[in-house]
Amino acid sequence: MTFRNEYKEITEAGLRQGAFLWITHADRVPPHIGISLDGNYFSLQVHGKDDTEVETIFRAVRLKKIPALFLRLDEGGFSSERFLAVKNEYSAISEAVNTCLVPILDLYGIRTSGFLLPAFLKYLEEKGQILAYFTLNLPPDFTGIKSYSLEDVTRHLDKIKHAERPEHISSRGRAR
């Protein structure tokens, strides 16, 4: 995904209604991916999951100056019942659920292993599911989501697994 100049900066209030794909640490390999629907944020982590109000995560992103992209999604892509079911089905990243993208792919009925964010973004664009693009804290030299492999994701997750404490965006005083 290449950076577009027509991205607008997002506000906390703007995230309370509708469906959004959250790409945090957008300048890193790999970025972290979460999703929100009508003010409820969900993302899978190595040591659990974030299942909270968007305000909690947005404030952490803003205060920690985490580079982030937000894609407003067509709400017809999945139902609120499916969103709730997926949130309840997944509890943490594991060998079977090998990336934070897996539950989001499941929302869209995609069960292909090894499907990474760049391919998912292309899928969303081709299906007309992206309604708008927003940013927060992107560095001036940001040019888009960098290419990466499943091995890059695995190495990153292994590093987190072996860290002393779990790393969540909403954790106080710890950067990801």
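A word on the source. The model is predicted, so to speak of local features we need pLDDT of at least 70, side-chain atom pairs count only at pLDDT 80 or more, and totals for chains, interfaces and linings use all residues. Residues are numbered from 1 along each chain as its sequence is written, and side-chain values use heavy atoms, with hydrogens and water left out.

I start with the overall layout. The protein has 5 helices and 7 strands; helices (H or I, at least four residues) and strands (E, at least two) are DSSP runs, numbered from the N terminus. Read from the N terminus, the order is β-β-β-β-β-α-β-α-α-α-β-α. Of the 176 residues, 49% are buried. Buried means under 20% relative accessible area, exposed means over 50%, and partly exposed is in between, with a 1.4 Å probe and protein chains only. The accessible surface is about 8,700 Å², and carbon and sulfur atoms hold 47% of that; the areas come from the Shrake-Rupley method with a 1.4 Å probe, and for residues only the protein chains shown count as cover. Contact means heavy atoms within 4.5 Å. Among contacts between residues at least 6 apart in sequence, 72% join residues at least 24 apart.

Two strands pair if DSSP finds at least two bridges between them. One place to look is Ala19, whose bridge partner in strand 6 is Leu73.

Now the cores. A nonpolar core is a set of buried Ala, Val, Leu, Ile, Met, Phe, Trp, Tyr and Cys residues joined through side-chain atoms within 4.5 Å. The largest has 41 residues, and those with the most contacts inside it are Leu21, Ile23, Leu69, Leu71, Leu73 and Phe120. Helix 4 gives the largest share of this core, 4 residues. A second, separate core has 15 residues, among them Leu15, Tyr41, Ile66 and Leu136. Back to Leu69: beyond its neighbours within four places in sequence, its contacts include Tyr7, Trp22, Phe134 and Ile145.

In helix 1 (residues 54-63), the buried residues are Val54, Glu55, Ile57, Phe58, Ala60 and Val61. Their cover includes strand 2, strand 3 (32-37), strand 4, strand 5 (48-53), strand 6 (68-73) and strand 7 (130-136). After helix 1 comes Lys65, with a positive phi near 55°.

In helix 2 (residues 80-89), Phe83, Val86 and Lys87 are buried. Those residues lie on the same side of helix 2, because they cover an arc of only 100° around the axis, the arc being that of the directions from the helix axis to the C-beta atoms. Glu81 and Asn88 are exposed on the other side of helix 2. The cover over the buried residues includes strand 3, strand 4, strand 5 and helix 3.

Last, the aromatic rings. Rings of Phe, Tyr and Trp (its six-membered ring) pair if their centres lie within 6.5 Å; planes under 30 degrees apart count as stacked, over 60 as edge-to-face and the rest as tilted. How many aromatic pairs are there by this rule? The count is 9. Trp22 and Tyr41 make an edge-to-face pair, 4.7 Å centre to centre with 65° between the planes. Trp22 is in strand 2 (residues 19-24) and Tyr41 in strand 4 (residues 40-45), 19 residues apart. Is Trp22 buried or exposed? Trp22 is buried, at 0% relative accessibility, and Tyr41 is buried with a relative accessible area of 0%.

Tyr108 and Tyr123 are also edge-to-face, 6.5 Å centre to centre with 80° between the planes. Tyr108 sits in the loop between helix 3 (102-107) and helix 4 (117-126), while Tyr123 is in helix 4. Tyr108 is buried at 11%, whereas Tyr123 is partly exposed at 23%.

Phe78 is in the loop between strand 6 and helix 2, and is buried at 8% relative accessible area. Phe78 and Tyr108 are 30 residues apart in sequence but 6.5 Å apart in space, C-alpha to C-alpha.
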